[in-house]
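Here are my notes for you, written as numbered points. Have the structure open while you read, and look up each residue as it comes along.

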Amino acid sequence: WVEVVPASEALDPAAWAARMGEDVAALFAPMVTSIAGIRYPIAEIGALARPENTLFVVDAAQAVGQGPVAVEALGCDALVATTRKWVRGPRETGLYWLNERASAMTGLHVVPSDMNAALRLGQGVAIRAVEVPNRGLTEAFRAAALDLGLESLSRNTGAVTLRIGHDHAPAVRAALEAAEIMVKWPDPIADEPESEVTLADGALLRISPHVYNTANEIEQVAIAIKGGLV
(Lines give C-alpha, C1' and ligand atoms only; values in the text may rest on other atoms or scores of the structure.)
Protein backbone atom coordinates (compact mmCIF):
# COMPACT_ATOMS: atom_id res chain seq x y z
CA TRP A 1 0.00 0.00 0.00
CA VAL A 2 0.99 3.64 -0.51
CA GLU A 3 0.32 6.40 2.02
CA VAL A 4 0.53 10.00 0.85
CA VAL A 5 1.78 12.48 3.43
CA PRO A 6 -0.77 15.35 3.31
CA ALA A 7 0.52 18.65 1.98
CA SER A 8 -0.27 20.25 5.33
CA GLU A 9 2.21 17.88 7.04
CA ALA A 10 4.76 17.13 4.33
CA LEU A 11 7.21 19.88 5.35
CA ASP A 12 7.34 18.66 8.96
CA PRO A 13 10.03 15.97 9.48
CA ALA A 14 8.10 14.77 12.55
CA ALA A 15 5.20 13.79 10.28
CA TRP A 16 7.55 11.53 8.33
CA ALA A 17 9.04 10.08 11.51
CA ALA A 18 5.56 9.22 12.80
CA ARG A 19 4.89 7.14 9.68
CA MET A 20 8.20 5.31 9.63
CA GLY A 21 7.52 1.79 10.89
CA GLU A 22 9.30 -1.50 10.24
CA ASP A 23 6.82 -2.26 7.45
CA VAL A 24 7.72 0.86 5.42
CA ALA A 25 9.71 -0.15 2.36
CA ALA A 26 10.54 3.34 1.10
CA LEU A 27 10.00 7.05 1.53
CA PHE A 28 9.69 9.24 -1.55
CA ALA A 29 9.97 13.03 -1.52
CA PRO A 30 10.73 15.84 -3.98
CA MET A 31 13.46 18.38 -3.28
CA VAL A 32 11.45 21.14 -4.97
CA THR A 33 7.86 20.89 -6.17
CA SER A 34 7.04 21.71 -9.77
CA ILE A 35 4.21 24.24 -9.52
CA ALA A 36 4.55 26.10 -6.24
CA GLY A 37 8.33 25.62 -5.94
CA ILE A 38 8.08 24.38 -2.35
CA ARG A 39 11.38 23.13 -0.94
CA TYR A 40 11.11 20.01 1.18
CA PRO A 41 13.40 19.63 4.24
CA ILE A 42 15.18 16.71 2.59
CA ALA A 43 18.29 16.73 4.79
CA GLU A 44 16.14 16.80 7.94
CA ILE A 45 14.00 13.90 6.69
CA GLY A 46 17.14 12.00 5.65
CA ALA A 47 18.61 12.47 9.13
CA LEU A 48 15.66 10.72 10.81
CA ALA A 49 16.30 7.26 12.19
CA ARG A 50 14.71 4.71 9.89
CA PRO A 51 14.58 0.90 9.72
CA GLU A 52 17.47 -0.77 7.94
CA ASN A 53 15.17 -1.96 5.16
CA THR A 54 13.57 1.46 4.54
CA LEU A 55 14.98 3.37 1.59
CA PHE A 56 14.74 7.14 1.19
CA VAL A 57 14.37 8.14 -2.48
CA VAL A 58 14.56 11.80 -3.57
CA ASP A 59 13.19 13.37 -6.75
CA ALA A 60 15.56 16.21 -7.62
CA ALA A 61 14.16 17.03 -11.07
CA GLN A 62 13.40 20.65 -10.12
CA ALA A 63 16.55 21.07 -8.00
CA VAL A 64 19.51 19.83 -10.06
CA GLY A 65 20.81 22.78 -12.04
CA GLN A 66 19.30 25.40 -9.75
CA GLY A 67 22.07 25.00 -7.21
CA PRO A 68 24.44 22.48 -5.61
CA VAL A 69 22.96 19.08 -4.78
CA ALA A 70 25.25 17.09 -2.49
CA VAL A 71 23.71 13.64 -2.14
CA GLU A 72 25.97 12.67 0.77
CA ALA A 73 24.58 15.57 2.81
CA LEU A 74 20.95 14.68 2.14
CA GLY A 75 20.94 11.34 3.94
CA CYS A 76 19.07 9.70 1.08
CA ASP A 77 19.64 6.27 -0.42
CA ALA A 78 18.76 7.18 -3.99
CA LEU A 79 18.31 10.36 -5.99
CA VAL A 80 16.86 10.75 -9.47
CA ALA A 81 16.57 13.76 -11.77
CA THR A 82 15.97 14.67 -15.37
CA THR A 83 18.58 16.76 -17.17
CA ARG A 84 16.19 18.48 -19.56
CA LYS A 85 14.99 21.04 -17.02
CA TRP A 86 17.40 23.37 -15.21
CA VAL A 87 20.48 21.59 -16.51
CA ARG A 88 19.17 22.36 -20.02
CA GLY A 89 20.29 19.00 -21.37
CA PRO A 90 18.63 16.96 -24.14
CA ARG A 91 15.22 15.42 -23.64
CA GLU A 92 15.18 11.71 -22.82
CA THR A 93 18.19 12.09 -20.50
CA GLY A 94 18.37 11.85 -16.74
CA LEU A 95 20.57 11.15 -13.75
CA TYR A 96 20.36 8.72 -10.87
CA TRP A 97 22.48 7.99 -7.84
CA LEU A 98 22.32 5.01 -5.48
CA ASN A 99 24.30 4.38 -2.33
CA GLU A 100 25.68 0.92 -1.60
CA ARG A 101 22.72 -0.04 0.58
CA ALA A 102 20.20 0.84 -2.12
CA SER A 103 22.20 -1.02 -4.75
CA ALA A 104 22.38 -4.12 -2.56
CA MET A 105 18.69 -4.03 -1.65
CA THR A 106 17.32 -3.33 -5.13
CA GLY A 107 19.95 -5.02 -7.28
CA LEU A 108 19.83 -2.01 -9.60
CA HIS A 109 22.89 -1.42 -11.73
CA VAL A 110 21.23 0.20 -14.72
CA VAL A 111 23.33 0.31 -17.88
CA PRO A 112 21.05 0.45 -20.95
CA SER A 113 22.15 -1.84 -23.75
CA ASP A 114 20.94 0.57 -26.45
CA MET A 115 22.25 3.82 -24.98
CA ASN A 116 22.06 6.80 -27.35
CA ALA A 117 25.61 8.14 -27.71
CA ALA A 118 24.49 11.52 -29.08
CA LEU A 119 22.16 12.12 -26.15
CA ARG A 120 24.89 11.16 -23.66
CA LEU A 121 27.31 13.57 -25.30
CA GLY A 122 24.73 16.35 -25.19
CA GLN A 123 23.97 15.56 -21.58
CA GLY A 124 27.66 15.67 -20.68
CA VAL A 125 28.14 19.04 -22.35
CA ALA A 126 25.09 20.45 -20.55
CA ILE A 127 26.24 19.18 -17.15
CA ARG A 128 29.75 20.59 -17.56
CA ALA A 129 28.38 23.95 -18.71
CA VAL A 130 25.58 24.26 -16.15
CA GLU A 131 25.27 27.60 -14.40
CA VAL A 132 22.95 28.60 -11.59
CA PRO A 133 19.95 30.44 -13.10
CA ASN A 134 19.90 34.22 -12.88
CA ARG A 135 17.47 34.85 -10.04
CA GLY A 136 17.55 38.54 -10.95
CA LEU A 137 15.50 37.70 -14.05
CA THR A 138 13.09 35.68 -11.94
CA GLU A 139 12.57 38.52 -9.48
CA ALA A 140 12.22 41.04 -12.31
CA PHE A 141 9.46 38.99 -13.90
CA ARG A 142 7.77 38.41 -10.55
CA ALA A 143 7.74 42.18 -10.00
CA ALA A 144 6.41 42.81 -13.52
CA ALA A 145 3.65 40.27 -12.93
CA LEU A 146 2.73 41.95 -9.65
CA ASP A 147 2.39 45.25 -11.53
CA LEU A 148 -0.14 43.48 -13.74
CA GLY A 149 -2.09 42.39 -10.69
CA LEU A 150 -0.80 38.81 -10.85
CA GLU A 151 0.78 37.22 -7.77
CA SER A 152 3.28 34.40 -8.04
CA LEU A 153 2.44 31.08 -6.42
CA SER A 154 6.12 30.10 -6.35
CA ARG A 155 8.71 31.64 -4.02
CA ASN A 156 11.72 29.39 -3.53
CA THR A 157 12.51 28.39 -7.08
CA GLY A 158 13.78 29.99 -10.27
CA ALA A 159 10.42 29.40 -11.95
CA VAL A 160 7.48 31.77 -11.64
CA THR A 161 3.96 30.34 -11.56
CA LEU A 162 1.09 32.78 -12.02
CA ARG A 163 -2.65 32.44 -11.69
CA ILE A 164 -4.50 33.65 -14.79
CA GLY A 165 -8.28 34.05 -14.59
CA HIS A 166 -10.25 31.68 -16.78
CA ASP A 167 -11.74 34.64 -18.66
CA HIS A 168 -8.29 35.89 -19.69
CA ALA A 169 -6.37 32.63 -20.06
CA PRO A 170 -7.25 31.97 -23.77
CA ALA A 171 -6.17 35.50 -24.79
CA VAL A 172 -2.94 35.28 -22.75
CA ARG A 173 -2.15 31.90 -24.28
CA ALA A 174 -2.77 33.27 -27.79
CA ALA A 175 -0.61 36.35 -27.13
CA LEU A 176 2.30 34.24 -25.89
CA GLU A 177 2.01 31.85 -28.84
CA ALA A 178 1.91 34.80 -31.28
CA ALA A 179 5.11 36.13 -29.71
CA GLU A 180 6.65 32.63 -29.96
CA ILE A 181 7.29 32.56 -26.23
CA MET A 182 7.55 29.08 -24.72
CA VAL A 183 5.83 28.68 -21.35
CA LYS A 184 4.05 25.90 -19.50
CA TRP A 185 0.43 25.74 -18.45
CA PRO A 186 0.66 23.27 -15.54
CA ASP A 187 -2.17 20.90 -14.71
CA PRO A 188 -2.01 20.03 -11.00
CA ILE A 189 -3.86 16.76 -11.61
CA ALA A 190 -1.01 15.57 -13.83
CA ASP A 191 1.95 17.50 -12.42
CA GLU A 192 1.25 17.50 -8.66
CA PRO A 193 -1.84 15.35 -8.04
CA GLU A 194 -1.43 15.38 -4.26
CA SER A 195 -0.88 19.14 -3.89
CA GLU A 196 -3.52 21.58 -2.70
CA VAL A 197 -3.18 23.65 -5.87
CA THR A 198 -6.15 23.45 -8.24
CA LEU A 199 -7.44 25.14 -11.39
CA ALA A 200 -10.68 26.19 -9.70
CA ASP A 201 -9.67 29.86 -9.44
CA GLY A 202 -7.95 30.14 -12.81
CA ALA A 203 -5.36 28.65 -15.12
CA LEU A 204 -1.72 28.35 -14.11
CA LEU A 205 1.09 29.84 -16.18
CA ARG A 206 4.76 29.05 -15.46
CA ILE A 207 7.92 30.49 -16.96
CA SER A 208 11.46 29.46 -16.08
CA PRO A 209 14.01 32.26 -16.68
CA HIS A 210 17.45 30.80 -17.21
CA VAL A 211 21.03 31.86 -17.84
CA TYR A 212 20.32 31.80 -21.57
CA ASN A 213 17.56 34.41 -21.22
CA THR A 214 17.95 38.18 -21.22
CA ALA A 215 16.20 41.00 -19.41
CA ASN A 216 14.66 42.06 -22.73
CA GLU A 217 13.15 38.60 -23.23
CA ILE A 218 11.62 38.68 -19.76
CA GLU A 219 10.17 42.09 -20.55
CA GLN A 220 8.65 40.71 -23.76
CA VAL A 221 6.92 37.95 -21.75
CA ALA A 222 5.36 40.55 -19.47
CA ILE A 223 4.25 42.63 -22.48
CA ALA A 224 2.63 39.61 -24.11
CA ILE A 225 0.78 38.69 -20.91
CA LYS A 226 -0.37 42.28 -20.50
CA GLY A 227 -1.72 42.23 -24.05
CA GLY A 228 -3.78 39.15 -23.24
CA LEU A 229 -5.15 40.69 -20.05
CA VAL A 230 -6.45 43.85 -21.74
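1. Let's start with a term: a salt bridge here is a side-chain nitrogen of Lys or Arg within 4 Å of a carboxyl oxygen of Asp or Glu. Go through the structure with that rule and you get 7 salt bridges. Keep in mind that this is a predicted model.

2. Take R19 and E3 to begin with. They form a salt bridge, and their closest N and O atoms are 2.9 Å apart. This pair links distant parts of the chain: R19 sits in the loop between α1 (13-18) and β1, while E3 belongs to the segment before α1, 16 residues apart. How accessible are the two partners? R19 counts as partly exposed at 23% relative accessibility, and E3 is partly exposed too, with a relative accessible area of 42%.

3. Now look at helix α6 (residues 135-147), which holds both E139 and R142. Their side chains meet in a salt bridge, 2.7 Å from N to O. The two residues are 3 apart in the chain, about one turn of the helix. Is R142 buried or exposed? R142 is buried, because its relative accessible area is 8% and the cut-off for buried is under 20%.

4. Another pair to find is K184 and D191, whose side chains meet in a salt bridge with an N to O distance of 3.5 Å. K184 is partly exposed, with a relative accessible area of 29%, and D191 counts as partly exposed at 29% as well. Salt bridges can also share partners: that is how R50, E52, D77 and R101 are joined into one network.

5. On to the strands. Which strands pair with β2? Strand β1 (residues 26-30) pairs with β2 in the parallel sense over 5 bridges, with A26 standing opposite L55 in β2. Strand β3 (residues 78-82) also runs parallel to β2, and 3 bridges join them. There, D59 has V80 in β3 as its bridge partner.

6. Stay with β2 (residues 55-59) a moment: 4 of its 5 residues are buried, so this strand is largely enclosed by the rest of the structure.

7. For contrast, go to A118 in helix α5 (residues 117-129). A118 is exposed because its relative accessible area is 56%, and exposed means over 50%. If you want a distance to check, the C-alpha atoms of A118 and V160 are separated by 32 Å, and the two residues are 42 apart along the chain.

How values were computed:
Residues are numbered from 1 along each chain as its sequence is written. This is a predicted model: local features need pLDDT of at least 70, side-chain atom pairs count only at pLDDT 80 or more; totals for chains, interfaces and linings use all residues. Side-chain values use heavy atoms; hydrogens and water are left out. Buried means under 20% relative accessible area, exposed over 50%, partly exposed in between (1.4 Å probe, protein chains only). Two strands pair if DSSP finds at least two bridges between them.
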